[in-house]
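I set out below what I looked up in this structure, entry by entry. The order runs from the whole chain to single residues.

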Amino acid sequence: MRLVLFDNTDVGWGARRSRAPRAPRRREVAARAEPATADAADLSVLGEAVGASIGLTPVWRAGALLHRMTGAADAWQAASSWAEALGWAARTARERGRKISSLQAWGHGGWGYMRIGKTRLDEAALRPGSPLDGAITALKAELAGPDALVWLRCCSAFGHSGQAFARALADRLGCRVAGHTYIIAFYQSGTHSLRPGEAPAWDPREGVRFSDGAPAGALWSSRTAPNTVSCLTGELPPGY
């Protein structure tokens with residue numbers, strides 16, 4: 001069974017404003033202009049950069065419907081937290097009596113993590129006893145073994161220092177995992193996968209923007225960047 005889930009909380013600035021707009025503070029302007037910095041290693045504001053006032057949740061919802069219509073997904077769900085997202089995936093597999101061969105998660109992320117709502121899936125969340133430990137264990141039980149694919153379609157989670165997260169995720173889930181090293185939008189570059197026990201085969205500098213020789217953030221995806229797919233791609237290409 002192929003599942004798609006996405007972050008239901010990126011509804012944009014306009015939907016959150018109930019009062020008259022105020023002038024942005026200087027630090028907010030800086031954050032919007034520079035969404036991926038080495039200090040923060042956090043691309044969570046990228047939705048504000050590319051989603052404008054509507055946010056990206058409506059875009060992801062439309063994409064999920066398209067995946068369902070074209071047969072690239074058997075079911076989809078909008079979630080406001082990782083606990084809700086993982087719980088839905090495991091419960092859907094149990095109720096339908098079918099193992100999960102592919103699970104795509106759409107949302108925001110950065111080096112070494114992916115966010116849904118205010119919750120993060122990162123190395124800490126993968127450790128025993130974490131708040132997500134039970135939900136991750138339940139999901140693992142419903143995956144179709146080591147050939148299943150969990151694909152994090154978010155910005156640069158596998159880039160730079162995110163390689164350690166990629167290895168930890170594959171080992172924890174016991175299956176193949178995929179992610180990206182670049183900031184993604186229509187084009188989604190630096191698409192890589194690995195299986196449990198494998199070491200990342202991609203260059204940790206891929207998708208990284210440098211300033212004075214130091215990592216300063218992530219690069220935008222492009223048609224000519226390595227291992228590029230589009231947001232319309234339903235299945236991971238062979239060799240990625």
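**Entry 1: Overall figures**

I began with burial: 48% of the 240 residues in the protein are buried, where buried means under 20% relative accessible area, exposed over 50% and partly exposed in between (1.4 Å probe, protein chains only). I noted that this is a predicted model, in which local features need pLDDT of at least 70 and side-chain atom pairs count only at pLDDT 80 or more, while totals for chains, interfaces and linings use all residues. Residues are numbered from 1 along each chain as its sequence is written, and side-chain values use heavy atoms, with hydrogens and water left out.

I counted eight helices and 13 strands in the protein; helices (H or I, at least four residues) and strands (E, at least two) are DSSP runs, numbered from the N terminus. I then looked at contacts, meaning heavy atoms within 4.5 Å. Of the contacts in the protein with a separation of 6 or more, 74% are between residues 24 or more positions apart.

**Entry 2: Nonpolar cores**

I searched for nonpolar cores, that is, sets of buried Ala, Val, Leu, Ile, Met, Phe, Trp, Tyr and Cys residues joined through side-chain atoms within 4.5 Å. The largest has 39 residues, and Trp 82, Ile 100, Leu 121, Leu 173 and Val 177 touch the most other members. Helix 5 (residues 82-96) gives this core its largest share, six residues. I also recorded a second, separate core of eight residues, with Phe 6, Trp 60, Ala 64 and Trp 106 among them.

I checked Leu 173 individually. Apart from its neighbours within four places in sequence, Leu 173 is in contact with Ile 136, Leu 139, Lys 140, Leu 143 and Val 150.

**Entry 3: Helix 5**

The 15 residues of helix 5 should span 21 Å at 1.5 Å a residue, and the end C-alpha atoms are 21 Å apart, which agrees. In helix 5 I listed Trp 82, Ala 85, Leu 86, Trp 88, Ala 89, Ala 90, Thr 92 and Ala 93 as buried. An α-helix has 3.6 residues a turn, so residues three or four places apart point the same way. After helix 5 comes Gly 97, with a positive phi near 65 degrees.

I examined strand 3 (residues 102-106) and found five of its five residues buried. Ser 102, Gln 104 and Trp 106 are buried on one side, and Leu 103 and Ala 105 on the other, so that both faces are covered.

Two strands pair if DSSP finds at least two bridges between them. Strand 1 (residues 2-7) runs parallel to strand 3, joined by five bridges, and Arg 2 stands opposite Ser 102. Strand 7 (residues 149-153) also pairs with strand 3 in the parallel sense, over five bridges, with Gln 104 opposite Trp 151.

**Entry 4: Arg 172**

The partners I found are the side chains of Asp 133 (2.7 Å) and Thr 137 (2.9 Å).

**Entry 5: The hairpin and positive phi**

I saw strand 11 (residues 208-211) pair with strand 12 (residues 214-218) in the antiparallel sense over four bridges. Two residues lie between these strands, and Asp 212 in this hairpin takes a positive phi near 55 degrees. Phe 210 stands opposite Pro 215 and, at 41% relative accessibility, counts as partly exposed.

Ser 156 is not a glycine, yet has a positive phi of about 50 degrees. Ser 156 is in the loop between strand 7 and helix 8 and counts as buried at 1% relative accessibility. Asn 227, also not a glycine, has a positive phi of about 50 degrees. Asn 227 lies in the loop between strand 12 and strand 13 (229-230) and counts as partly exposed at 22%.

Definitions and conventions:
Expected span 1.5 Å × (residues − 1). Polar contact = N/O pair within 3.5 Å; in protein donor to acceptor, adjacent residues only side chain to side chain.
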